[in-house]
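Q: I have a chain on screen and want to learn how to read it. Where do we begin?

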Amino acid sequence: MSDKKFTVLDFKRKKENGEKITMLTAYDCPTAELLDDVGIDAVLVGDSVGMVLLGYDSTVNVTMDEMIHHAKAVRRGVKNAFLIADMPFMSYQAGDDDATRNAGRFLKEAGCEAVKIEGGQEVAARIKAINNAGISVLGHIGLTPQSAHKLGGYKLQGTDPESAERLIQDAVCLEENGCFGVVLECVPGVLAKEITEKLSIPTIGIGAGVNCDGQVLVTHDLVGFFDKFVPKFVKQYARIGPTIKKAIESFKNETEAGKFPDDEHSY
Ligand code: KIV
């Protein structure tokens with residue numbers, strides 16, 4: 001595996017060479033180290049941390065300070081991967097100044113290399129302002145979880161001709177305003193293919209089919225940490241949730257039975 005630092009320039013290079021881009025989420029240092037060791041191209045400190053780790057019902061509750069706290073931990077574990085932080089709800093919606101200052105915090109305080117923003121044409125000015133401050137921006141369209149209430153839930157997007165056309169225009173607008181890539185979440189594979197072919201920046205799909213230039217997943221989903229609800233687009237490459245539970249049960253049972261610690265684990 002390569003020991004070379006992945007930079008913003010490598011996103012476009014990979015697209016041009018037809019090489020797939022890999023991106024996964026991390027919210028803590030040990031997970032970040034595992035992703036980096038494997039050679040994952042980009043690590044995203046997603047605002048999914050709110051639902052995955054913090055017990056919130058949605059990503060809307062996540063604050064800038066919580067994101068900075070997790071981004072700092074991830075930074076300590078990442079050496080070669082490109083480090084991106086999610087701008088949480090209301091850290092950029094209110095205006096360009098707010099957006100630029102908050103994006104800057106991720107670089108200055110947490111050592112991130114880029115930020116991700118949800119939205120299309122309506123956030124074009126924000127993206128431009130952040131870019132003008134010298135900060136790289138990854139776009140995110142389709143199912144944008146911060147707007148789940150407005151979208152009527154966590155649903156497949158771009159399913160009728162008007163909304164599909166709107167997503168194409170959004171993607172083009174994000175490229176024109178300086179995004180180095182665009183996450184396409186929960187859109188039909190044929191639409192994702194059309195967008196991917198139209199853009200010169202890479203698309204990173206999640207629930208958007210195989211024709212995107214790269215794929216992103218929530219790491220906890222792919223390792224099977226939870227099994228209450230598994231979205232259709234998640235492939236569980238392992239099921240560590242039950243393994244962890246079994247280990248905890250064994251500790252409980254052995255402790256209660258006076259079998260732990262045994263001689264091997266005592267001084
Ligand atoms: O918050 C997140 O983890 C994300 C990815 C799933 C794209 O936005």
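A: Begin with domains. Domain bounds come from an automatic or database domain assignment. Here that assignment gives domain 1 (8–236) and domain 2 (240–267). The C-alpha centres of domain 1 and domain 2 lie 39 Å apart. Note that this is a predicted model: local features need pLDDT of at least 70, side-chain atom pairs count only at pLDDT 80 or more, and totals for chains, interfaces and linings use all residues. Residues are numbered from 1 along each chain as its sequence is written, and side-chain values use heavy atoms, with hydrogens and water left out.

Q: What area is buried between domain 1 and domain 2?

A: Buried area is the accessible area (1.4 Å probe) that two parts lose on being put together, summed over both. Between domain 1 and domain 2 the value is about 280 Å², and carbon and sulfur atoms give 65% of that. On the domain 1 side, Val223, Gly224 and Phe225 lose the most area to domain 2, together 88% of what that side buries.

Q: How many polar contacts and salt bridges cross that interface?

A: A polar contact is a pair of N or O atoms within 3.5 Å; within protein, one must be able to donate a hydrogen and the other to accept it, and residues adjacent in sequence count only if both atoms are side-chain atoms. Three residue pairs, both at pLDDT 80 or more, meet the rule across the interface of domain 1 and domain 2. A salt bridge is a side-chain nitrogen of Lys or Arg within 4 Å of a carboxyl oxygen of Asp or Glu. The count between domain 1 and domain 2 is zero.

Q: How many salt bridges does the structure hold?

A: The structure holds 15. One of them pairs Asp86 with Lys116, the closest N and O atoms being 2.7 Å apart. This pair links distant parts of the chain: Asp86 sits in strand E3 and Lys116 in strand E4 (residues 114–118), 30 residues apart.

Q: How are helices and strands named?

A: Helices (H or I, at least four residues) and strands (E, at least two) are DSSP runs, numbered from the N terminus. Take H11, residues 240–256, with 17 residues. Gly258, with a positive phi near 70°, follows H11.

Q: Which peptide bond is cis?

A: The bond joining Phe260 and Pro261 is cis, with omega about 0°. Pro261 is in the segment after H11.

How values were computed: Expected span 1.5 Å × (residues − 1).
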